[in-house]
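Here are my notes on the model, as numbered points. Please read them with the structure open.

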Amino acid sequence: MAEGSRREKFCDVCGKPENRSHPMICTNRFWGSTYCQEHKHDNTASCCSCQRFQGRRVKYVDVGDGRKLCPDCLSASIMDTRKCEPLARGMYEFFNNTLNLKFETYVPVLLVDKEELLRCVLHGRRPQPNRRHGLGTIAAVPQNITTVVKCAQRGDEIEVVKEVVHVTGRKVTAIVIIYGLPMVTTGVIMAHEMMHAWIRQQGWFVRLERKVEEGMCQLISRMWLEGFASDDQFTKSLREMSIFYIENDGHGKEIYGDGFREAKQAVDKYGLKTTLKHIAKTGSFNPPPARVPAGCFCFQA
């Protein structure tokens, strides 16, 4: 192909063309948008959900806690706890009916802002450098939680109304998720945290490795995504992005990425119930010992 017939690429953020003096233009695998490599490090605004950089002709909205949403994610977002209730009911049905993982008691799902989520995650501890805290957590003790009850858009910003609720219960008192994310993204987080809550309610005496617990939670999120369907192309792309990051997690690879792959390998081979029973006894993914036929003897050298 002749040089002049190649389609010229332009950065969607700054408008610079790709040429010999400026060759570093990347293409987003999920959205097809192009951007200069430098925008990864120059504080260019990006959507907190789909991670696309803000383009020249696109206005992003500040959700009120420093995060920004693109118009597509904003239109599909769940902005307060009440609007999250249908998704939470569906998730409980997924656990109870599809996975056959029953909860002892109902655990409320609360949407909160970034500051309140961090408070719930740390629970009085100091933040650890370079430790990612995620977009959700579970509360294990009775406490007051400031939840988002209403949001209204005012120009390029979101006006947030909050309310303090007191949560009580045994073992797990609430599932806490950051507000303002699209339904599919919120569902991925909810499935992950709900599995943490289910494990806590079992009261297993064995102490789980973090990789084992996080791996199982990632697997449950992936299983939920398998049954998630939408006719909306943008939502389909968000689903595919979520699947990709679960299966190819490079940040915290040993805990989340390897944990997911080991969990999937165990469940594919032994089934979910058998894998969970084995984890409850041993705290690991290591396969159970092979059965010895009756009447046979095993000798160890």
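1. Is Thr137 buried or exposed? Thr137 is buried, with a relative accessible area of 13%. Buried means under 20% relative accessible area, exposed over 50%, and partly exposed in between (1.4 Å probe, protein chains only). Thr137 lies in strand β7. Not counting residues up to four places away in sequence, Thr137 touches Leu117, Cys120, Val121, Ala174, Ile175, Val176 and Glu193. A contact here is heavy atoms within 4.5 Å.

2. Some ground rules. This is a predicted model, in which local features need pLDDT of at least 70 and side-chain atom pairs count only at pLDDT 80 or more, while totals for chains, interfaces and linings use all residues. Residues are numbered from 1 along each chain as its sequence is written, and side-chain values use heavy atoms, with hydrogens and water left out.

3. Overall content. The protein has eight helices and 11 strands. These are DSSP runs numbered from the N terminus: helices are H or I with at least four residues, strands are E with at least two. Of the 301 residues, 45% count as buried. Among contacts with a separation of 6 or more, 62% join residues 24 or more positions apart. The accessible surface is about 17,400 Å², and 50% of it belongs to carbon and sulfur atoms. Areas come from the Shrake-Rupley method with a 1.4 Å probe; for residues, only the protein chains shown count as cover.

4. The sheet around β7. Three strands form an open sheet in the order β6-β10-β7, with mixed pairing. Its edge strands are β6 (109-112) and β7 (136-139), each pairing on one side only. Pairing requires at least two DSSP bridges between two strands. Neighbouring strands of this sheet are turned by 25° against each other on average, direction ignored. β6 pairs with β10 (residues 174-178) in the parallel sense, over four bridges. Within that pair, Val109 has Ile175 of β10 as its bridge partner.

5. Helices on the sheet. α2 (residues 81-98) packs on the sheet and touches β6 and β10; its direction makes about 140° with that of β6. α4 (residues 183-202) also packs there, touching β6, β7 and β10, and its direction makes about 30° with that of β7. Axes are lines fitted to C-alpha atoms, for helices over the stretch in contact; angles run from 0 to 180 degrees between N-to-C directions.

6. Nonpolar cores. A core is a set of buried Ala, Val, Leu, Ile, Met, Phe, Trp, Tyr and Cys residues joined through side-chain atoms within 4.5 Å. The largest has 78 residues; Phe95, Met195, Met216 and Trp224 touch the most other members. α4 gives the most to this core, with 10 residues. Beyond four places in sequence, the contacts of Phe95 are Asn100, Leu101, Phe103, Ala191, Met194, Met195 and Ile220. A second, separate core of seven residues includes Cys11, Val13, Ile25 and Tyr35.

7. Cysteines. With a disulfide taken as a pair of cysteine sulfur atoms within 2.5 Å, the count is zero. Cys36 is in no disulfide; the nearest cysteine sulfur, that of Cys11, is 3.6 Å away. Cys36 is buried at 0% relative accessible area. Cys84 is buried as well, at 1%.

8. A loop residue to check. Ser33 is found in the loop between β1 (25-27) and β2 (34-36). Ser33 is buried, with a relative accessible area of 18%. Leaving out residues up to four places away in sequence, Ser33 touches Asp12, Cys26, Thr27, Asn28 and Arg52.
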